[in-house]
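Please find below a colleague's note on the structure, arranged as numbered points. The note begins with one residue and then turns to its surroundings and to the chain as a whole.

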Amino acid sequence: LDLDVKDRYLFSFLYRYDGTSLFGENNRWNPYYRVSAGYRITEDVKIPGIQELKIRGAIGTSGQRPGFDYQYETYYMYDGALSKSTIGNKDLKPSETTEMEVGLNAEFLNRFSFEVTASQSETKDAFVAVPLSAATGYGSQWRNAATLEAKALEASLGIKVIKSNSVTWDWNITWDRVRQKVKELDAPAFQVGPGSNE
């Protein structure tokens, strides 16, 4: 649902309910939503040299599906022998990211456009191949075992270098910075990289 009130106040609402066999057998469905709003300041306040000035904000969720084989037992063949690889997990569910962002858009001097967006997100139930005890006979199991946090800042500047009836030449400069960290890891200590089995 999208609403435009007096060409000044902009609203958007979205709700969806996803289902897929890629989700674990015990978690076949998951809901997602998004709510956003914007205000075109220059429709109420005239600022010399500025053609458009808009502020906006949004919050919403999205998800990532597990891999096709994450919920099943898998095996590998080596020198003609069949060996166990990963044990299945019917309780797997999609990871879910909740993100909040605020931003500003501006067009000024009939030649420049500027946009800046700051966002913060948290991803719960991220997928991790958790190593298992050798007693299980399997090497690992895919689980919803991690929580990630990310902060991002993005900015872009557009310049109409040449603007005529026959020729146009635009420049766009973009900059961004993303910082991400693992907040939680619900798994026993294990090694990755050279010299390890994972």
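**Notes on the model**

1. Ser95 is buried, with a relative accessible area of 3% (buried means under 20% relative accessible area, exposed over 50% and partly exposed in between, with a 1.4 Å probe and protein chains only). Ser95 belongs to strand β7. Strands (E, at least two residues) and helices (H or I, at least four) are DSSP runs, numbered from the N terminus.

2. On provenance: this is a predicted model, in which local features need pLDDT of at least 70 and side-chain atom pairs count only at pLDDT 80 or more, while totals for chains, interfaces and linings use all residues. Residues are numbered from 1 along each chain as its sequence is written, and side-chain values use heavy atoms, with hydrogens and water left out.

3. Which residues surround Ser95? With neighbours within four places in sequence set aside, Ser95 is in contact with Tyr32, Ser62, Gly63, Gln64, Thr123, Lys124, Asp125, Ala126 and Phe127. Contact means heavy atoms within 4.5 Å.

4. Strand β7 (residues 95–108) pairs with strand β4 (residues 50–64) in the antiparallel sense over 14 bridges; two strands pair if DSSP finds at least two bridges between them. In this pairing, Gly103 in β7 has Arg56 opposite.

5. Strand β7 also pairs with strand β8 (residues 112–131), again in the antiparallel sense, over 13 bridges. Here Gly103 stands opposite Thr117 in β8. The hairpin of β7 and β8 has three residues between the strands, and Leu109 takes a positive phi near 55° there.

6. The protein chain as a whole has 10 strands and zero helices. The radius of gyration of the protein chain is 24 Å, well over the 16 Å that the globule rule gives for 198 residues, so the chain is more spread out than a compact globule. That radius is taken over C-alpha atoms, and the globule rule is 2.2 Å times the number of residues to the power 0.38. Along its principal axes, the C-alpha trace spans about 75 × 35 × 35 Å.

7. Buried residues account for 27% of the 198 residues in the protein chain. Of the contacts between residues at least 6 apart in sequence, 57% join residues at least 24 apart.

8. The protein chain exposes about 13,300 Å², of which carbon and sulfur atoms supply 53%. Accessible areas come from the Shrake-Rupley method with a 1.4 Å probe; for residues, only the protein chains shown count as cover.
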